Amino acid sequence: MEKGLSNVFTAFLSPSAAGGENILSIIISFVWLLMFMVFFLYPSFGQRMQLSYMLRDLERKLNKLKSIKDEIRQTAIDTIKKVGKPDFDPTPEVDRLSEFFVIPPESMDPYGIVYKLEHILEIGELSYENEVKKLAPIAEEHQVKTLTNLVEIARGINTLYRVVRHYYLLGKKTSNIYLVLQIQMIMPQLVEIAEAYRMASVAFSQGQPIGDSIGVLVAAKLSDVENKKRYTVARDTMVEELELENRKVYVVRAIGPGGTVGRPGEAVKNLVESLPENPKMIITIDAGLKLEGEESGKVVEGVGVAIGGPGVDKYKIEEVAKQRNIPLYAFVIFESIQEAITPMRESIAKAADVVLQKVRKLLTEKVEEGGVVVVAGIGNTVGVG
Amino acid sequence: MRYTEGGFMTWGPRPREKMLQTITFLKCLECGAENSRPFMEWDFIFKVVGNEKCPRCGGSRSRIVNIYVPEKKESK
Ligand SMILES: [Zn+2]
C-alpha cells in the first residue's frame, strides 16, 4: 500500500522516471503542498509576515529616536551643569520638565479664545523659565532663556518619542497592520525632525543663532546705526527708533542674545497705540517654510502679517492694523523646518542683506519723506545681540 | 518589503551629514578689517569682543558681525 502510494507520487512528479524512487522530490512536493494549505486555510498569513517585517523596521527606527532623545537629554543636563553650576543634580528636574504640558483653551465657544490662549502660553513660558532659572543659579539672564529653549527641545523630542512608541506598541498589541502602516509611512520624516532636534540642542547649548533667527537678525542689522533710542515695549521685546532714508522707523524685535521670540504682537500694538500719528505701514519679516525644491534663503514678499506660532501675535497686529487702516507688508525668508531650528546656514544669513535692500526700497517707494513706519523682525533671537 | 526595509536600496554606509562647523565673523573696531574664526560658546552677533587681537593692526577690540555655517562648496 505504502509502496503503491509513493509509486503514484513518483509517477506523478517525474513520469519519465516511472517506478524510480525519489525521496527528495517527494519531500519538496510535500513542502509545497503544506505551504499551499497554509495560505489556503490561513489567508492572513502573508499579512502577518508583512506585519512582522514592518514592526521590526519600526522598532529599529524607534530605537534611533530613543538614542536621539537620550542624547538631547544628556546635552541639556550637561549644559545646565556647566553653565548654571547648580549645587544638586539637575537630572530629575530635567526629566520632570520634559513631561511638562500646556493644555490649550476650550474652543467650543471661540469667543475671546486668543486672549485665553495667550494667557495660558504666558503662564507656561514664565513658569518654565523660572524652573530653569532655579536649576542654573549662576547663569546670566540670556543664558537662562537659551537653556529654557534647550529644555523645551528635550521636552519636544520626549513627546515625539512617546507618541511613536505608543503607536508602535498599540500596533503590535492589536496586530493592526493599518495602524502600523500609517506610523511607518511618516517615520522617515519623524526621524528627520528628530535629527534636526539633535542639532538644535547643540545650537542652544552654545547660544548659536539658528535659521529662525533670521527675522530678528534683519531687524538688528536694520537698526545697527548710531543715534537711536532704545526701550522695552513688551516682555522681552524692544523698540529702536531711528531715521532711515529720511523716514522715521520703529524697529521692533525680541531682546537678545538669549533664546526668546518676545511678544511682537503685544509690542507692535503698544507701540502703534502710543505713537502720535498712525504709521504708514507695518512691515513684518520672518522665516517661512519653503516648499521642497525651493532654495533656502530665497526672499519673497507679500501682504499680511508674517508670524508663525500659535497666532496670538499675528492676531494682535492684524487687529490694530485693521482698526487704524494701516497697510501690512511682509517679507519671508524661505527655509526648511530643519534649517529653522539648526545653526544658521550661510545662504540664510546672506539673505539678511537682500531683505534690508528690499525694505529700504519699499520705504522710499511707498512712504513719503518724514513718514512713520513700523518694522518688526520676528523669530528666536538666540545668538543675536 | 525590502525596498522600504532599507536593505536593498540603502545598502552600505549612508552618507551621514557631518556636524558642520559654525564660523564667527569679526570686524576690528580700530581698523575695520574683517576676519573669522570657529564659533566659540556664547558668541553672539553684535557682541563686542575685547580679548582677541586683530591680525592686521593688533587692536584688541572687535565686534562680531555674523555667525553662520558656511555652505559646503565654499568652505576651503
Ligand atoms: Zn584691526
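Author: The buried residues (under 20% relative accessible area, with exposed over 50% and partly exposed in between, for a 1.4 Å probe and protein chains only) of helix H10 of chain A are Val312(A), Asp313(A), Lys316(A), Ile317(A), Val320(A) and Ala321(A). Seen down the axis of H10(A), these residues fall within an arc of 165°, so they line one face of the helix; the arc is that of the directions from the helix axis to the C-beta atoms. An α-helix has 3.6 residues a turn, so residues three or four places apart point the same way.

The model is predicted: local features need pLDDT of at least 70, side-chain atom pairs count only at pLDDT 80 or more, and totals for chains, interfaces and linings use all residues. Residues are numbered from 1 along each chain as its sequence is written, chains are lettered from A and ligands numbered from 1 in the order in which they are written, and side-chain values use heavy atoms, with hydrogens and water left out.

Helices (H or I, at least four residues) and strands (E, at least two) are DSSP runs, numbered from the N terminus. The cover over the buried residues of H10(A) includes helices H5 (113-135) and H9 (264-274) and strands S4 (281-289) and S6 (328-335) of chain A, where contact means heavy atoms within 4.5 Å.

As to length, H10(A) comprises 13 residues (312-324), which at 1.5 Å a residue should span 18 Å; the end C-alpha atoms are 19 Å apart, which agrees. The expected span is 1.5 Å times one less than the number of residues. After H10(A) comes Asn325(A), with a positive phi near 55°.

Elsewhere in chain A, strand S3 (residues 247-254) is mostly covered, with 7 of its 8 residues buried. Strand S2 (residues 237-244) runs antiparallel to S3(A), joined by 8 bridges.

Notes. Pairing = 2+ DSSP bridges.
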